Structures are given as C-alpha cells and as structure tokens.
Amino acid sequence: MIETVYVEEALWCHPRVAALRDRLGGRRWVRCRHYGEVFNPRSQDFRLQKRRPALIVGEKRSRLVLEAPAGYAIGGRHNYYFSHLLNCPYDCRYCFLQGMFRSAHFVWFVNYEDFRRAIEAAYAKHGGEAVYFFAGYDSDSLALEPLTGFAEFFLDSFANMPENAFLELRSKSTNIRPLLRRQPRDNVVCAFSFTPPEVSRRWEAGVPPLERRLQAVQKLQRHGWPVGLRFDPLIHVPDWRAQYRRLFEVLFAALDPGKVHSVSIGVFRLPARYYDRMTALYPAEPLFHGPLTATGGMVAYRRELEQEMVEGCRRMLLDYLPPEKLFSCQF
Amino acid sequence: MTAFHLYGNAAGTFLIVTGVGKVRAAAAVGFLAARAAPSCWINVGTAGHPDLPVGTVRLAHKIVDRDSGRAFYPQWVIAAPTATDDLVTVSRPASEFPETALHDMEAAGFCEAARHFATLEWIHVVKVVSDNRGTAFQRDRVGELMAASLPVLERLLADLGELRESVRDPLPFDVERIAATAGLTRAQTRQMERLLRRWQALSPDTLPTEAELCRLDRATLLPWLRRRLRD
C-alpha cells in the first residue's frame, strides 16, 4: 500500500492529482519541485524501497515518445515506446528496472494530453504507414490502473486514431475492467507476460497466479480484444524445456490460438552495469549466478544456451501458431 | 581533547553533540564516520514551528536548506513512529516562521554529509518543537524537551535495527579473518567474497568450512575457489 505521495508543486491542483488526493486521502503528502529530486539521488536503496514504495507524481517534459530498441517489435517497421509510469508494483527478480533506476518508487507522469500529442506527432512522421506504440516498457501498463486511469485515457485516445496506429498494453496484472467496459478495437493489443508457474512463484513476487491471469486473458479474448502473449524474458531453470512446454499447453488449452494477435519471445539480457547493481542488491540470488556470460558490455545466458532456449520455445509454440504470429525480441 | 563530545555504548550506538549550525552538524557526521562507520544516522534536536505546541515531536519528510534551496527526502521504508513534517534549515536563529514547517539550523548540513555514508533510508531527523509564534525559545528547557523525544527515538532505532537485520545476507564465514590469514589485498578480498557468494547461491550445502579456507594462502585461495566453482 502506498503511504507516501510526493507531488511536484506545480501539479498540486492538476485534476488527476486532485482525484488522487480524494482517493488516497490521509497519506503522507510531500511537495517537491521536480520528481527527480526524490527519484534520482544516488544514495538510495532499491531493495529497501521495494518493501514500501512511494508514489511520485510528476510531469514528463521531454522525450515523451521514444523509438523502441531495434528488435522490440511485433511485426511493424515503426516502433515507439512511451512510459506514463516508471517502476512497477511487482517484484520480479530478473527485471532490468532494478538495475536501471536508483529508486523503486513509482513515478507517475500525469500529463497524458502531452503524451497523446507526442504520439500523434510520431505517427504523422510516417506518411500513413503502420506505427506501433508500446506502453509497458518501463512499467506494467495496467497494474496501477485504479490509481492512474492510464488505460481509460489511452483506449479512448487510440479509438480516435487511425486504425494502423497500434497501442500495445503489456501487463502481468488482472486489471482489465477498462477494456471490458469498451468495445474492442483492432489497433489495441493487450499483451500479457508469462513465465512457468514455478518460475513465477519463485521470482515474481506480487504477480497474480497464472490461473487468475489466464482467466483475465480469456475474458478479454471472449470480449473480442486482440490479445498477445509475451515470454520475455525466457528464464533458465534446469528443466526449462518441460516447464515451458507445460506452460504453453495450459495457455493454449484455455485460449483460442486463432485469435491470438501475436506471441513474442525475449531473452534474458541486460547491460553489465545493471547486472552489477542487481547482484549488489541481491548477492545471494541464484538467478544472478546461473549460466550467464558477459560480452560486449551485456550480460546474458551463454550464447548456445540462449539460442537453444529461443529455438526450443519457438518450435514448441509453432505447434499452436503460424510462424507469422511469432516474434523473437533479441536486442 | 576532541572537537566533539562523543558517547557510545556496547551495542554500537553513538551520540555525538554537534553544536549549533549546519557546518558543525556536517563536521560531526564526518568526525563520527571516521571513527565508527555507523550504518544508520539520526539527527535529534530542537526546532521552531509557527503553530505546533512546544514539546511536539516530529520526524522530517523533507528538509530544505534555505540558503542553497537544496532538498533532502529521508525515505520511509519503515512505519514512521510519529507524524512527519517539512523542515527548513536556516543559517541564523529566527523568531519568525515564514513557512508552515519546522525550522532548525542543523538538519540540512547533517543530511548533506550523512548521505555520503548511508542511503536515504538510513538517514532521519527527529525534532522537538522548542518555540512557536506564542512561545519564545528557552535554553533551560532544552533538556526536558529532548527527553520528550526519547520514546520516538528509541522506537525509530529499534525499527531501523530490525530492518538492518532483515536485509543482511550473511556469509557463514568471517571474511575479514580469512583474508587476513591468507594475506589478501582489499581487491582480492572482494573477489573472494564474490566467489563465495556465488558458491553459496549455487550450492549452499557444499560450501567449504572457514577452517578449510584458512588453510589456503594468497597464491592458492582464489584459484582454488575458481576451480571448485567450475567443477
């Protein structure tokens, strides 16, 4: 539960902040000049803050929409990402955010209208070609929906955009109410990330159990929303092949593979400086002492193991899906 | 004869009397850090406030240095044992309070220095209101006022101590003793610790004993650990 809320002075009377004050009431409210005053100082402990994260309300003033890294795609040529939220309420031990940010607090950027204008401008640069906008890169798109109203706003925004302006929401949560309240649209993909249940129980603290998430995906699919499945990153455990096979069996027994929009596979790979910070936070974590190797400033599973896992999962997935729906995110 | 009065107990808690002003507060932090390397830092003292009654105890959730405008935000990863408030550190004693906040003369200097020795979760400021718009500061009441802060201070120390214990990831060895026995440099000691942590994470049941490790010397200890980890 959020106990402390930091708010940029200039946003104190912003309608979304006023609504938040009504909702959260008597928490510790602290005003700051800029969100970075709280979020960016070096002397912070991500691991400790994860126990009791605060909410920092700020305004994103520049670089609102960024080009996605090469390889981060689900079939489009033009790919962007944007982040209304930094950090995530879940505590996935493999998550690169632990190495990227000094603070585990949630930063919520409330200037949605500016994001929308930046999205429209990015779309306009490509002469009517399809453009994909990914919303779950630096956070979970839906996990804090009751506080942020992010999906409520952007589902309406993309309803008014051309049909080839795509939005991908990416989540491990079950907060799907805003989607169920609306008519489905083909240009919004609701993507859900999965790891095998054994992996999830061990390394994804706070994430709802597989069964509940799968029910949420089923509901969305029945409602007509395009849903995506994300296996990113693939996590190595000694019996990874058997665990992923069982996971795919469970998922595709419950879902209609013909109506799955896309499936992507990603590898566990992160900059060495992030890895160093993460191992400093959790020195006894076996995940960080597995079959990893450092090459060219990046830490990843050994090349042959990585390829074996990607190819192995790809083959298993091809039992359920045509190859054109399957994407490999390797960047 | 030292620059500061310093008291300590067997539990590893130290009290240093900083004196007045942020420069003295910062110097005291440096002085103590050089001698005791505490893991947690608390600045305790008096402060003025426009409205709060004299004797009210508050923790600070934001500390602003009035001179520089710089702000510090102690991070609450434990429940605060009493209410929290804004605090402004000023350079000269003031009887007027332009802001609805605690006003003191040390906290910003203390935080500026302490953040070099600990993260913001371990740095806190406890203040007792000593004066307000209706009551002037009385030096002879300071002892009595500080006594009022003790329950909050003790609770804060206990909670931070528990927090410290809960995040310790101890190796079942005295790393420093093994390093001293083998004659390792600081860099080699860090390497040894990393290798032992890796071993502990991967196969805790097969960890060597401290006695086994102490039988190895500077030339053989690290290669032996690497070889065993490869196996």
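Me: What makes strand 11 and strand 13 of chain A partners, and how do they run?

Reply: This is a predicted model, in which local features need pLDDT of at least 70, side-chain atom pairs count only at pLDDT 80 or more, and totals for chains, interfaces and linings use all residues. Residues are numbered from 1 along each chain as its sequence is written, while chains are lettered from A and ligands numbered from 1 in the order in which they are written. Strands pair if DSSP finds at least two bridges between them; strand 11 (residues 188–193) and strand 13 (residues 227–231) of chain A have 4 and run parallel, so they count as a pair. A:Ser193 has A:Arg230 in strand 13 of chain A as its bridge partner. A strand here is a DSSP run of E, at least two residues; a helix is a run of H or I, at least four; both are numbered from the N terminus.

Me: Why are strand 4 and strand 18 of chain A said to stand at the edges?

Reply: The open sheet has 8 strands in the order 4-5-9-10-11-13-14-18 (chain A), with mixed pairing. Strand 4 (65–67) and strand 18 (326–329) of chain A each have a single partner strand, so one side of each lacks a neighbour in the sheet.

Me: How do you know which part of chain B gives the most to the side that touches chain A?

Reply: Contact requires C-beta atoms, placed from the backbone, within 7 Å. By that rule, 19 residues of chain B are in contact with 21 residues of chain A. Helix 5 of chain B gives the most to that side of chain B, 5 residues.

How values were computed: Contact = placed C-beta atoms within 7 Å.
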